[in-house]
Amino acid sequence: MTLERHKYDVLVIGAGGAGLRAAVEARESGLRVAIICKSLFGKAHTVMAEGGAAASMGNVNDKDSWMVHFRDTMRGGKFLNHYRMAELHAKESPDRIWELETWGALFDRTKEGKISQRNFGGHEYPRLAHVGDRTGLELIRTMQQKIVQLQQKDGRETGDMESGIKVFAELTITDILKENGKVSGAYGYWRESGEEVLFEAPAVVIATGGVGKTFKITSNSWEGTGDGHALALKAGANLVDMEFLQFHPTGMVWPPSVRGILVTESVRGEGGVLTNNLGERFMFKYIPDVFKDKYADNEAEADRWYEDQDNNRRPPELLPRDEVARAINSEVKAGRGTEHGGVFLDVSKRLPAEVIKKRLPSMWHQFYELAGVDITKEPMEVGPTCHYVMGGVEVEPDTAAAVGVPGLFAAGEVAGGMHGSNRLGGNSLSDLLVFGRRAGMGAIEYLKKNGTNPVSEAAIKAAAAKIQAPFDRQGGENSYSLHAELQEVTHNLVGIIRTGAELKEAIAKIADIRKRSANVVVTGGRKFNPGFHLAFDLDNMLLVAESTAKSADAREESRGGHTRDDFPGMDSKWRQVNHISSFDGEKVNVRAQALPTMPKELFELFDVHELEKYMTPEEIAKGGSN
Amino acid sequence: MARNIKLRIWRGDSTEGGLKDVVVEANEGEVVLDVIHRVQATQMGDLAVRWNCKAGKCGSCSMEINGKPRLACMTQVASFGEEETITVTPLRAFPIIKDLVTDVSFNYKKAMEVPAYEHPANLAPGEARMEQIDVERSQEFRKCIECFLCQDVCHVVRDHEENKKSFAGPRFFIRIAELDMHPLDTLKNRKKTAQEQHGLGMCNITKCCTEVCPEHIKITDNAIIPMKERVADIKYDPIRWLGTKIRKREGL
């Protein structure tokens, strides 16, 4: 059988927000682009993003600016963010939102007819452009339809709508190929038929999203298996700060089959309060020192904030996600949780039923249909769920180029650095737009200096052998049971609260599962066979889990999405350190690398007393780099 | 409280296939997709089923459950009788690939045929001003999760393969209506092309599409009927008909 081959200028792996934005950028510059999605076009996990996209347009409060957004982002990330990514993100996100409007997006409006913006955890001003609680769907559809528009234009010019940009749906990439040290393409298989495909492309953008399926309780769909993280590692790229995982504070906890499914932070943004089984609004007890001047310490002030934001501090329910997740975890551990091991989240007492249904329509629907709970009348039960990975491919901020692999780019959740140790809600949708576009631009610039890079027959052979292998084995375990075992290990030992001893145990167990996974057998044929698909996903998840456990073991402090029971404090010395994961073909190795220093003009945006909480006296004395 | 339930699953591909009976454990609160996954993990490792979000937001797990087009992730096992056998089959209007997975590429082809949004040439990014009430009409249609249940249930194509060429289906009628009602879109004649090129006239308003829509979009009442009425107005109102002839009125 002859191998199916395609040639493109740019191959984009992943059809979520970042991938589609990168594809649009590359196509508009005249390059030929292929977009790969693992599921059907338009089903990417971006559709699950509910709250909104953060951009300092200042439509609701004109005191907002990129500088305030930058400060909030750095604070949220506990200053471990790559300053340049946070800066680009804060500066460019308004333009990216307005651009979507020119492509047909319909955001909710203010009274003046501008794009409305809502409050969210960690954002000083109302900043999230939104469409009810289905903002991610709006982003995906808008870009999906923008791509159709580009295809229609190509159709008019060439007679073939797919001549310039083509979507390959339900296709999995198993290898990024390199020749002479540079990217040459990628290899994979059609999920439908199991048949193999070669893409020859000198520039590859990875935009594969997250790793949630590595964990047992997650808001992520089956697609979140860390494919891009693993592909990049295997291609010689680095991952940065993989210990930082965001446990979203509010996932559904009941019934068991929906455990982990997201309850949008907008519920709290719209006034939802968190209480324990004693009826106590417990978040007031959990305001950390670094946030004391920004958050109300009593109910009266917190309630007034919804009406008057200039003269009151914010309710503590709107603290960054890591703080709220830890607080809920502590309440449940102390025996003050709900029957099903969560806490109560109640918006019914704050807003009239019709307003709830209008502002939070999909939440109403989700609880009513899946849990039999009417959120306009009764509280929801919620608890932490693995939601987002802050760590990811180490990239050059301006071009999204993966460090160490010419021709490889990464954007969106799969890229690291932007969010530091903890991502603010709403900063993901804007991240995908800003860095998706920049990855497209990075590929365009790269291709000006680098032409095609033919794939060798040896590389094709090696990639093909890997895909066939699980069918030829006998007597090994199946991928479902190994996946379940991995999820138990990560849930129990690499979860929301960690210790050195447990992490070391996890590292050993993950290594053992990885060894056994080399013998995974697949039953049935190649045609749309989920057991076969999971065999590859499993390999990716194992690499990600190894990287996370090793990075977490190395970081002896607690910060953002990494909490060590044995090192409970945040340590300024550790703030100067990024953990870099690389792969030697056998195992993941983690080493420390110095965090880039903020330049003076960004350093000076902060009150020095605030920086003293995060930085060493030497760093403060230096006052940023020149 | 786990109990055993009877599930009948269609298994096969485009060449052959049939219903297979299985008994599988179901726990309190589970949906049909949960028990299908359990069958996959414990009894049929290669059982093909599409799914993504498991929360009714992505529209991937569309199938027919006891003959009705539904999302498997939003169909509670408890909504069936304790002794009842739950039968799951692939969407009937589309070609089968394997088991519960069908070839829905028809819909993506139709999506490419609907002329895209056209932004006013003189309106720079950030300058748009729209009233909430005006965007809400199109927003209703933009809630669509593209599960294609409406396309599957629509009798114009469900048993009439021959109609597929000239009929875009309810999902794309709401797409056209959404653009037609978009406060900024500048492309004219959307209703007319809906009628002449996308088969709007073939719909005879049985509202089956509205009934199966998991997003409760009023496809027939809010999109199809208003477009049909306006098309009929222009076409059959003698004075307006004359108007189109005399002044070359375009844009219904």
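Colleague: Which residue stands opposite Ala54(A) in β6(A)?

Modeller: Leu128(A) stands opposite Ala54(A). This is a predicted model: local features need pLDDT of at least 70, side-chain atom pairs count only at pLDDT 80 or more, and totals for chains, interfaces and linings use all residues. Residues are numbered from 1 along each chain as its sequence is written, with chains lettered from A and ligands numbered from 1 in the order in which they are written.

Colleague: How do I read the pairing of β4(A) and β6(A)?

Modeller: Strands of a sheet pair through backbone hydrogen bonds, either parallel or antiparallel. Strands (E, at least two residues) and helices (H or I, at least four) are DSSP runs, numbered from the N terminus. Two strands pair if DSSP finds at least two bridges between them. Here β4(A) and β6(A), residues 128-129, pair in the antiparallel sense over two bridges.

Colleague: What is the strand order in the open sheet of chain A?

Modeller: The order is β4-β6-β5, with antiparallel pairing. β4 (53-54) and β5 (117-118) of chain A each have a single partner strand, so one side of each lacks a neighbour in the sheet.

Colleague: How many residues does each chain bring to the contact?

Modeller: Residues are in contact if their C-beta atoms, placed from the backbone, lie within 7 Å. Chain A brings 52 residues and chain B brings 47. On the chain A side, α4(A) gives the largest share, eight residues.

Colleague: Which helices and strands does chain B have, in number?

Modeller: Chain B has 10 helices and seven strands. Its C-alpha trace spans about 70 × 40 × 30 Å along the principal axes.

Conventions:
Two residues are in contact if their C-beta atoms, placed from the backbone, lie within 7 Å.
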